[in-house]
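Reader: I am new to looking at protein models, and I would like to learn how to read one feature after another. Could you take me through this one slowly?

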Amino acid sequence: MDGPGTERLGGEGLAAAGFPGEERISYLQLLQRNRVKLIDELGDRIDWILDHALQIQLISKDDYEDVKYIPGPRKKVRTLLDIVDCLGEMVAHQFCSLINKSKDMSEKEPVSKEHSTVIKKHKQVLSRRNEVMMYYNTRPGEKIHLSEQFTNLLLVKGHHNLEFKRHELLSFGQHRIHLQERSSQEMEIKPSQLFMQISDKQTPKRTLVSGVAGIGKTVLLQKIVFDWANNHCFGNFEVLLQFTFRDLNLINKPMSLRNLVLKKNGHLLKVLDSIFEVPEKLLIILDGFDEFKFCGYLDGDCYITDPDEEGNLVDIIYSLLRGELLTGVSVLLTSRPTAISYIPVETIDRFVIITGFSEKEIRYYFLKYYQDEEVGSRMFQFVKENEFLFTLCFVPAFCYIVCSVLKEKERENHKQPKTMTDIYSRYLSVLLQHHSRGQRSEGGDLTQTLRNLGRLAYSKLLQHDTLFYQHDLAAHHVELNTFVDSFLDKTCIQEPDCVETVFSFTHLTIQEFFAALHYMLEPEPFPDLMNVDTVNKYKMATGFLDIFQRFLSGLLSERNQALLSKHMKLDKMTKSESYSCWLIEEITEHCENGSSILNLLHCLFEQQNDLLVEKIKPKNLRIHIGDNALCPVDISVLKYFLDMRIGDLEELDLTATNINTTALKSLQPFLHQCERLWCGENKLDFEAIKFLCELLKSPDYKLKLLGLGWTDIGNNELRELCDALKDNETLQELWIEGCNADYDGVSGFTAISSTNTTLKKVVLIGNCLQEKDLVKLSQKLNPSNSGFLITGFNDDHSQWVGWCDWILQRCQLCDNEKLVYFLIKIFNNFLQNSTFTWMPQWCKELQELLQNRIQKCMSEEIRTKLEKLKETISQHCGEKYCNSARFN
């Protein structure tokens, strides 16, 4: 390469480089002398220069990322110049050549002044739309700026929770407590990194941000849009388009993507073609997928490939996610966990969980809210000492409500709230009290207003609608006033011939609370959302009504009845008695047959009635809370129930709950009489296994069966188990399927039978054992005890009857989506190439179960998967069985 000693840097040469008049200096000196000028001139071209510098390996990937996501073009130029300055003369020479090329490119393809002007206006529009935060009781003229109130939220990179579909209010947000205890920061993602290549094979194009109600998904997007519009983040995107599914639900006819964009962004009309031509520089934000009325239909074969092609809204969304429409576009999608099962997994490149505030941020929020450090600190300390309130505050929306309630408690010395319904009821009580002052009628008008709002919330929840129009308000006799404005948001939508006003409850949980209030107040609510047939008829997804049911239970409790009766007229509540009877019967039945019981336990917790618990007397106590990502409040609810000592704990199923050592230890006092403990499908570390081994060593614990399948444990954990089992006198069966153990870990079990006469079966199928390992194991085992250590399937039905029964039980308890996921795993991991004489009858029972689910399934997508799964099982054990058959 020619250097400054061989090439005269003057005249034409320097003019080409953009630095006329310089003579015989090095390229590094050239860049240093012209630094100020470069910062001014290269801003518009920095992204092009940066991308090409990486392509020709002028800079490293780390250097590239250090510059790429810096907010503001001038800061990018400064940082890149600093990097080049450290890389030496040769790099500086190549960098000057890049500057030349970038200038040539900009001259060949000049950005029109009109285009730049329109994009600048677009940023101003988005900045204005997103600069103010809306709270539930914001008054007209009151503005709380985003920059003043936004508190950082934690985002965690993940993907493993996609199969969990429960509508658990706190399941992700309160997991934040466990995340704080972890020293590793590798999981954390900053908002600016949502589309950055971190450990992925390639830069993600479609990112899903999931989080429970109130966790801050919408506010996070509001902050991202506001920062982009003010050139503080996502500078690699030239254009950002923002949509909410609440607004999109208003589209009731075929429409093109172009018209969809122009509906709220008419100022982009003249430059939309040029935007669509370079989709790589376009980011589309889609907020609130769980509120999309067509969320269950996002899977088909109808693609929209042209922005001007008209089609159904669901097909446009599907085509964007599939990359068929605007190939190369980036999409940021948000959703509650309850709806992510409807998003085709293969369309998502990055799955991110938003987990709300940290303890430090909760305290910061309290100080901001009370605007008095002494009061804010005192209130924060009060909340921190209350486990329920503290974990609730990790969810930003509820942090605000807690602050509102405690502010009133400080004035009037209310009793301490204990449940989620207590918080919402006190929040409603505060607003009722404020708005009833000065009225002649003691809340009479407000009572009717509440009934009308409740009727509106109930009917819309039934239809899975979160948006409604003026005629909906009129139909339910809801009149707008300052009280109603505390619970409703109003948005104006520009239609071709008019401006349409659209309403929604300020938060979906507010709508669910009012729907429960309606059910409580209405003598005979129709249709009945507590009726199973109604739920099936209206295609209510599993978990969709969980929060509604918890609110209803809390509202029917004596303490909240007494609280609300101070502000509104309540009839004699015979419904409370009938509900209590229903709850007792349901919990009793679920305990006896081992059905999923978590939400019922939450409903019982909301009642806070020890006398009610005493009436629950099941013949057997089998607690199944599996297939739910448990959080601290879930554990508290479980402990509340077990602490009532309604019977000996025969079985506790914690399968696929993300259970950890801390949670297991907190349950230790209740495990004395537990006979069967299932902890499979959780990532258990050595400390968790060590804790379980302490139970096995203790004479106080009566475990007869322990399930640890698919827990990722390895040789060290198995050695610990072997040591604990040498003198154990209670455990009869140990199941450890699909773990990471080899011969070194498994071989220790061959000696246990010489000292332990109680343990009859250790099942270690699906581990890392070679054929030679199996031979050595069989040689070490006593021939008379060949059924003790089971490392592979065989034709001895007696060894597998218990396992088959357990699989059938799990299938019966699973919802349809989990059933498909679970059976695919069983067949692909264990039964794919296995055909034994006991299998046909067992497979027949599975097919009958699947056929029953197929007949009752309301989702076409899930029904298709169930049918395909049934066909696979039929082929597996039928005459036409083919070893290569595999369900995908």
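Reader: Which residues have the most contacts inside the largest nonpolar core?

Author: In this predicted model, the largest nonpolar core has 165 residues, and those with the most contacts inside it are F366, F514, I623, F641 and F749. To see what such a residue touches, take F514, which, leaving aside its neighbours within four places in sequence, is in contact with L428, L450, L453, G454, A457, F487 and F505. Apart from that core lies another one of 46 residues, among them V261, V331, I343 and I353.

Reader: Where does S557 lie, and is S557 buried or exposed?

Author: S557 lies in the loop between helix 26 (546-555) and helix 27 (558-565). A residue counts as buried under 20% relative accessible area, and S557, with 1%, is therefore buried. Its side chain reaches the backbone oxygen of G554 at 2.5 Å, and, when residues up to four places away in sequence are not counted, S557 touches E606 and Q607.

Reader: How many disulfides does the structure hold?

Author: The structure holds zero disulfides. C674, for example, is in no disulfide, since the nearest cysteine sulfur, that of C679, is 8.7 Å away. The sulfur of C739 is 9.1 Å from the closest cysteine sulfur, in C768, which is too far for a bond, because a disulfide needs the two sulfur atoms within 2.5 Å.

Reader: What should I look for in the backbone angle phi?

Author: Q57, which is not a glycine, has a positive phi near 60°, and Q57 is found in the loop between helix 4 (46-55) and helix 5 (61-68). L326 also has a positive phi, of about 55°, although it is not a glycine, and its place is in the loop between helix 15 (313-322) and strand 8 (330-335). Q57 counts as exposed, at 69% relative accessibility, whereas L326 is buried, at 7%.

Reader: What is the mean pLDDT of the protein chain, and where does pLDDT stay under 50?

Author: Where pLDDT is low, the predicted coordinates should not be read in detail. The mean pLDDT of the protein chain is 78, and 80% of its residues reach 70 or more. Over residues 1-22, however, pLDDT stays under 50, although the model has 42 contacts beyond four places in sequence for this stretch. Over residues 438-444 the pLDDT is also below 50, and there the model has three contacts beyond near neighbours in sequence.

Methods. Residues numbered from 1 in each chain as written. Heavy atoms only, no water. Core = buried A, V, L, I, M, F, W, Y, C linked by side-chain atoms within 4.5 Å. Buried < 20%, exposed > 50% of the residue type's maximum accessible area, 1.4 Å probe, protein only. Contact = heavy atoms within 4.5 Å. Helix = DSSP H or I, 4+ residues; strand = E, 2+ residues; numbered from the N terminus. Polar contact = N/O pair within 3.5 Å; in protein donor to acceptor, adjacent residues only side chain to side chain. pLDDT = per-residue confidence, 0-100.
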